[in-house]
Structure formats: C-alpha cells, structure tokens
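Please examine the structure shown below. The paragraphs that follow lead through it step by step.

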Amino acid sequence: MARTDHDQLRRSGEHLGGVSLEAILGEQIDRLSPADRGVLELVALAGAPVRQDLLADAGGLGLGHLAERIKALRSGNLVRTTGGRGVD
C-alpha cells in the first residue's frame, strides 16, 4: 500500500472519532466463533486465493462444515469467494 493510501486510511479513522480500521477488524474478529476464526486464520496464512477443498483439507474440515464457516465469514465481509463451490 502506498504511503498516501496509509495517510488516507488514517485520516478516515480520524473522521470516525479516532477509530482505526485495525480496531474495527479486531473487534469483528474477536466476535468470531473459534471455528470461524480458525478458517479465517488459514485463509490469511495462505496469503492468496485458496480453493475451498484445499482449505477443508488443511483445516481438517468436511466441505459442508467449511461452507458454513465461509458463509459466516462472507456475511461479515471478512472473506470473499468466486467460482463454484469447492474450488473458489
């Protein structure tokens, strides 16, 4: 992220009464269930788009259980998916 982008984010936080994006995300992540947080951590560790079937294997989850976790994370705007189930 360019320096000007960081400055814009900082200024945006100032308009929100000093609340930072980091604080907002931190609060949202703190409210996640342990299962949802575990999936989010795996996605973050991947550092790039990852197929759901690989994510399920890495997390020791069935695809159905993973789909429930992904749905919760998507509703909180913490992840996004594309493509068909299992491969997005």
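Ala72 lies in helix 5, where helices are DSSP runs of H or I with at least four residues, numbered from the N terminus. At 27% relative accessibility, Ala72 counts as partly exposed, a class between buried (under 20% relative accessible area) and exposed (over 50%), with a 1.4 Å probe and protein chains only. The C-alpha atom of Ala72 is separated by 8.8 Å from that of Leu32, 40 residues apart along the chain. The model is predicted, so that local features need pLDDT of at least 70 and side-chain atom pairs pLDDT 80 or more, while totals for chains, interfaces and linings use all residues. Residues are numbered from 1 along each chain as its sequence is written, and side-chain values use heavy atoms, without hydrogens and water.

Helix 5 (residues 63-75) packs with helix 4 at an angle of about 105 degrees, their axes being 10 Å apart. The two helices are therefore roughly perpendicular to each other, a term for angles of 65 to 115 degrees. Helix 4 contributes Gln52, Asp53, Leu55 and Ala56 to the contact, and helix 5 contributes Leu63, Leu66 and Ile70; contact means heavy atoms within 4.5 Å. Five of these residues are nonpolar, one is polar and one is charged.

Helix 4 (52-59) and helix 3 (34-46) each supply at least two residues of the lining of the largest pocket. About 360 Å³ of space lies in this pocket. Of its 15 lining residues, Val43, Ala48, Pro49, Val50 and Arg80 are the closest to its centre. The lining comprises eight nonpolar, four polar and three charged residues. On a 1 Å grid over the protein atoms alone, a pocket is an open set of points where a 1.4 Å probe fits, with protein on both sides within 12 Å along at least five of seven lines, and lining residues have an atom within 4 Å of a point.

Technical notes:
Points joined across faces, edges and corners; volume = space filled by probe spheres on them. Nonpolar A, V, L, I, M, F, W, Y, C, P; charged D, E, K, R; others polar. Axes fitted to C-alpha atoms, helices over the stretch in contact; angles between N-to-C directions. Parallel < 35°, antiparallel > 145°, perpendicular 65-115°, else oblique.
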